[in-house]
Amino acid sequence: MKNTLKWVGILIFGIILLPLLAALFIYKKAVGKRDYNPEVLDNLEEAAQEYVKKKAPLSDVDSRYKYMRLAEKAIPAAKQIEIGDTEDKKIDGPAGKIPLRIYTPKEEGPYDIIIYFHGGGFITGGIQTHDTIARKLVQKTGARVVSVDYRLAPENPFPAAIEDAYATLLWAASHRTSLRNKNDQLIVAGDSTGANIAAVVAQLAKAKGQPEISKQILLYPATDIFSRDASVLYPSMDEFSEGYVLTKESLDKYFKLYLRNASDRKYDPLVAPIRSKDLSDLPKTFLVTAEYDPLRDQGEAYAEKLKNAGVPVFAKRFDKVPHDFMNTETAAAEETYNLIQEFLEEK
């Protein structure tokens with residue numbers, strides 16, 4: 001009897017438990033290790049706490065597929081956000097086709113046209129990971145949003161993303177009629193490193209004299225170097241170096257991969273827009289930062305520098321939220337969308 005029970009136990013372990021353990025191991029390897037410091041959660045809004053639990057950390061930047069899986073689990077379902085229509089298309093770019101997704105409101109145009117650049121450290125993310133933000137922008141503002149799937153590093157390091165972004169601006173400017181652009185002016189927007197791209201192309205458009213950009217929306221932007229040595233200028237890099245979704249380690253990896261073979265250009269305004277010697281005559285700016293974000297101080301420094309250059313700036317820091325809070329269902333995210341709506345309505 002004992003031998004029978006022994007063999008039954010071995011069979012159960014071999015047939016049921018062993019495959020389950022193997023599947024669990026494979027799953028954990030696929031989604032990455034989700035370490036976070038439970039003590040940091042006490043500082044955050046409840047919805048932000050759940051986001052940190054699901055997504056932390058973003059230090060493993062070697063696989064964008066891990067990032068995609070974590071992002072999809074952490075981000076609210078985009079399909080619940082009702083808008084008019086979406087259209088996926090590809091346009092000609094400097095190194096091939098650039099995928100776009102055009103989001104249209106339910107209302108009839110003409111529309112404000114927002115060219116949106118997703119975040120992800122220049123190496124991860126895409127149209128799908130930021131589908132929720134694009135849809136909510138459309139729903140809240142009534143604008144038409146063009147989301148850009150620019151080339152990613154390390155396969156396509158700097159300046160590939162900037163080239164694709166500027167090419168998209170020129171395309172949008174030449175298709176204002178078909179896009180039903182309200183006032184023949186474009187708006188650039190982005191979050192994190194996507195906000196870096198938005199800030200850079202706004203400066204490029206000013207320098208080249210085209211196209212005309214009326215406003216820029218910068219959500220917790222990277223505006224200067226974001227490698228380890230950035231903490232000399234920006235204490236938030238050390239203060240929130242780990243535990244709040246974005247880490248100092250991941251920022252350092254992003255920066256090195258983005259500037260692969262171009263590390264001598266880390267102070268170039270095309271990389272660090274705050275380093276521009278002339279910020280005058282840039283578009284009216286909406287800029288928000290998060291309290292618990294290593295990029296907080298450099299975003300706020302850019303807002304101040306724009307103000308000193310005579311640029312109209314609305315700047316606000318949101319408390320009790322981490323980097324990437326626009327992908328949460330927090331009160332801070334909801335207020336930001338409302339403020340963006342007011343910003344776009346202003347003349």
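Predicted model: local features only at pLDDT ≥ 70, side-chain atom pairs only at ≥ 80, totals over all residues.
Local features need pLDDT of at least 70, side-chain atom pairs count only at pLDDT 80 or more, and totals for chains, interfaces and linings use all residues. Residues are numbered from 1 along each chain as its sequence is written, and side-chain values use heavy atoms, with hydrogens and water left out.

Helices (H or I, at least four residues) and strands (E, at least two) are DSSP runs, numbered from the N terminus. Strand β6 spans residues 213–219. Seven of its seven residues are buried, so β6 is largely enclosed by the rest of the structure. Buried means under 20% relative accessible area, exposed over 50%, and partly exposed in between (1.4 Å probe, protein chains only).

Lys-215 has Lys-284 of β7 as its bridge partner.

A pair of aromatic rings is described by the distance of the centres and the angle of the planes. Rings of Phe, Tyr and Trp (its six-membered ring) pair if their centres lie within 6.5 Å; planes under 30 degrees apart count as stacked, over 60 as edge-to-face and the rest as tilted. The count comes to 11 aromatic pairs. One of them, Phe-240 with Tyr-244, is edge-to-face, at 5.9 Å centre to centre and 90° between the planes. Phe-240 is buried, at 5% relative accessible area. Tyr-244 is buried too, at 7%. Tyr-244 also stacks with Tyr-292, at 5.0 Å centre to centre and 10° between the planes. Tyr-244 lies in the loop between α8 (236–239) and α9 (248–258), and Tyr-292 in β7, so the pair ties together parts 48 residues apart in sequence. Tyr-292 is likewise buried. Elsewhere, ring pairs link Phe-122, Phe-158, Phe-226, Phe-255 and Tyr-258 into a cluster.

A charge sits over a ring if NZ of Lys or CZ of Arg is within 6 Å of the ring centre and within 35 degrees of the ring normal. Lys-215 lies over the face of Phe-343, at 5.0 Å from the ring centre. Lys-316 is placed over the face of Phe-318, at 5.1 Å from the ring centre.

How values were computed. Pairing = 2+ DSSP bridges.
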